[in-house]
Amino acid sequence: MDLPPVRDMAGVSYRWAFSVSVFFAERIAIESPFRRTFVPAVGGDIWGPRLQGSVVPYGGADFGGGGGPLDAQYMFQAADGAYIYINNRAYMRRVGWDPSSALDRNPPPLNADGTIEQDFIAPPDSEVPLRMRTSPFFDAPKNSPHDWMNRTLFFGHGLRRTDPDRTIFTYYEVL
Amino acid sequence: MDEFVILADRSPDLVADIGFEPAFELTLHYGRTQTEQTPRGKRIFRPITGGTISGKIEGTVYPRGAGEYSIGRDDGVTDISEHVLVRDTRGEWLYIRNMGYERADGYYRVTSWVDADVRSQHNWVLGLFFLGVAIEHDDGKVTLRYYEVL
């Protein structure tokens, strides 16, 4: 596939590198003082000009916490068989969110029988307008066609989708 | 893994756009570089001894106790890791965490997470990260132009 055109905004050169859909099946929230949410990646698809392949089923998860950045660690398998580690640090900010309310966080109430509810599904961004941006770092095999990912800064854009539950990430390389 | 392929997701219409908007500019002054060969690579330590920030945040870099702790890799790339403390002109404090790559070809780019007090005038940075495009000057100072990722 040909490389897409290099774009420039305010002096930053960048171009679309590839996209990834990551599928989810469960979310486990631990309401620790800094809240941690465990969301395993059950699989996914990778396409685009600079990388093609799949997301390794149950090859990792988002372990993010703190009400701060998402912090996902999982594995890609490129079409040539190479395994590539991704540490995807991201933010999800609801549109219109007031930063001064950042500390106003109360855990949801317990179920009537005293157990902790765990059936939360992140809504699609058509329902809850969301600004999701990611800054992934990769470890790819050296001396491989993917070595460039070890020395390139990326930014991504995430779109939430349901039916099935997934997020579509669009990744740009910063030139 | 066809069960995880939704061809409609590959539509060019779903290539979500991204953009960059200038936010602030940070110039860092460093003390003497100390490097040690470690099992992880070459640990590069430089204390941050001062500097300035301008743009949407105006202030100075706190000169005591912050620094760069990067790793020089065998392939010639440096994994940048840097912690910076900034005080704005009103005395409000911010923390800037830089992570990225510096290459021999002059490519020096970082992602920066910024922490501000939720009560401060800079709380707009909370939860965001920024792209930093760095330029190393002949005297060793580094200027980072930061962009909000739109």
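This is a predicted model: local features need pLDDT of at least 70, side-chain atom pairs count only at pLDDT 80 or more; totals for chains, interfaces and linings use all residues.
Residues are numbered from 1 along each chain as its sequence is written, and chains are lettered from A and ligands numbered from 1 in the order in which they are written.

**View 1. The surroundings of B:Leu131.** Apart from neighbours within four places in sequence, B:Leu131 is in contact (two residues being in contact if their C-beta atoms, placed from the backbone, lie within 7 Å) with A:Val12, A:Phe155 and A:Val174 of chain A, and with B:Phe20, B:Arg109, B:Thr111, B:Tyr146, B:Tyr147 and B:Val149 of chain B.

**View 2. The largest nonpolar core.** This core holds 68 residues, and those with the most contacts inside it are A:Tyr172 and B:Leu131. Strand β2 of chain A, residues 12-24, gives the most to this core, with nine residues. A nonpolar core is here a set of buried Ala, Val, Leu, Ile, Met, Phe, Trp, Tyr and Cys residues joined through C-beta atoms within 7 Å; a residue is buried if 20 or more other C-beta atoms lie within 10 Å of its own, exposed if 12 or fewer, and partly exposed in between, with C-beta atoms placed from the backbone. In soluble globular proteins, nonpolar side chains tend to be buried together.

**View 3. The side of chain B that touches chain A.** Here 35 residues of chain B are in contact with 32 residues of chain A. On chain B, at least two residues of this side come from each of β1 (20-30), β7 (93-102), β8 (108-116), β9 (129-136) and β10 (142-149). By class, the side of chain B that touches chain A has 22 nonpolar, five polar and eight charged residues, where Ala, Val, Leu, Ile, Met, Phe, Trp, Tyr, Cys and Pro count as nonpolar, Asp, Glu, Lys and Arg as charged, and the others, Gly among them, as polar.

**View 4. B:Val142 in strand β10 of chain B.** Because 23 C-beta neighbours lie inside 10 Å, B:Val142 counts as buried. Leaving aside neighbours within four places in sequence, B:Val142 is in contact with B:Leu28, B:Ala134 and B:Glu136.

**View 5. B:Tyr62 in the loop between β4 (59-61) and β5 (66-72) of chain B.** B:Tyr62 has 18 C-beta neighbours inside 10 Å and therefore counts as partly exposed. B:Tyr62 and B:Gly140 are 78 residues apart in sequence, and their C-alpha atoms are 18 Å apart in space.

**View 6. The strands of the two chains.** Chain A has zero helices and eleven strands, whereas chain B has zero helices and ten strands; helices (H or I, at least four residues) and strands (E, at least two) are DSSP runs, numbered from the N terminus. Buried residues make up 35% of the 175 residues in chain A and 33% of the 150 residues in chain B.
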